[in-house]
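Please work through each task before reading its solution.

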Amino acid sequence: MNEWLINLPEEDATFLARVAIAFVVCLGAVIGSFLNVCIYRIPLGQSVSRPRSHCFGCGRTIPWYHNLPILSWFILRGRCAYCKSPISFRYPCVEALTALLFLLVFLMWGNPGLLALNHLQTPELIPFLWLFAASTVVNVMIDIDHRILLDRISLGGTLLALAASAAFPTLHGYMLWHQGLLASLVGAAAGFGLGFAIAWLGERIFLQDAFGFGDVKWLMLFGALFGWHGMLYILMIAAFLGLLMGLGAMLAQRLRRAPADDGPLAIPFGPALGAAALLWLLWGRWVPRALLWLQAHALAHRQAVLLTLIPLLLLATGWLIWRVRAIRRAALEDGLEPLPADDPAPAGPAPSPDGAMCYTKADKEDAQ
């Protein structure tokens, strides 16, 4: 197709490229609107097709001209057209993010040099990568809301990744179908094994789930799709992003002056894993080059690097030991204190500060 576009007159080729980009962006925004439905309904065990989208304030069905992706929220100024109930800003954000991801995946094949993206040699993989990006957005948002990762995404995505690796072995850098399938199987096994080992070790250290089994299965999907080496890089990037998220959450807690008896922060690792996987999908080829550059730079200035890193490592080690002891102490206290019998959990959903609905564990079990 690229050769065909090159042979066209410049004006015609530019027009077709703009039409293709506009179609991809609109498609991504429409899919993002559907993802909002999935994010809200799937954890509650509700159908994603019935009933139609409706206002949570007045219950009226939202007509199509009030449900245009991204545009409707700004036209209605973030409120229902009938009862003026506020609509969360997260809805247009999810739609815009999905549209952006769809465009970036398309540019991986159409024009990767424009944004220094990874080069996608097989255009038939674009729908599959779109599906992966969309499922990653769903999993991240559900993990933020409910602290769960969906098995239908992790396990189903692993099976699709195995099939795609056999059909398109160039995904792993091979030419024969059995080589691509073998690389995908090895990556899936490595992701599951490493994730299980981290979960087992974290439970022994922190006396509670430090790396959920949903993260283990999602890591298996990353191994099946990107190979064992890609899975390792994703885990490394996710650990760095998770550290930044944890430090940001701790700083926000200090600024809010939260009570000291609130206990250690419980931050989901799914957003860090999802962001790392998308970064590896789009710009993964730059990660090894950056590491090699850092290694060469460190060797060239080893004395300055050591003088800087040694105090930081000592400080980080002390902080880590303090956090481990705090988490272990909180886990032991939670295990020894009985639950009060005269303080039942509140029934039904409770509104969260951002307009989304929060559900208790009992609500989730009843819905499922």
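**Exercise 1.** Which side chain does a polar contact of 2.9 Å join to that of His172?

*Solution.* The model is predicted: local features need pLDDT of at least 70, side-chain atom pairs count only at pLDDT 80 or more, and totals for chains, interfaces and linings use all residues. Residues are numbered from 1 along each chain as its sequence is written, and side-chain values use heavy atoms, with hydrogens and water left out.

Step 1. Locate His172: the residue lies in the loop between α6 (151-167) and α7 (177-206). Helices are DSSP runs of H or I with at least four residues, strands runs of E with at least two, numbered from the N terminus.

Step 2. The partner is Ser165, whose side chain is joined to that of His172 at 2.9 Å. A polar contact is a pair of N or O atoms within 3.5 Å; within protein, one must be able to donate a hydrogen and the other to accept it, and residues adjacent in sequence count only if both atoms are side-chain atoms.

**Exercise 2.** Is His172 buried or exposed, and is Trp64 buried or exposed?

*Solution.* Step 1. Buried means under 20% relative accessible area, exposed over 50%, and partly exposed in between (1.4 Å probe, protein chains only).

Step 1. His172 has a relative accessible area of 15% and is therefore buried.

Step 2. Trp64, in the loop between α2 (10-41) and α3 (71-75), has 63% relative accessibility and so counts as exposed.

**Exercise 3.** How many helices and strands does the protein chain have?

*Solution.* The chain has 12 helices and two strands. Read from the N terminus, the order is α-α-α-α-α-α-α-α-α-α-α-β-β-α. Of its 368 residues, 35% are buried.
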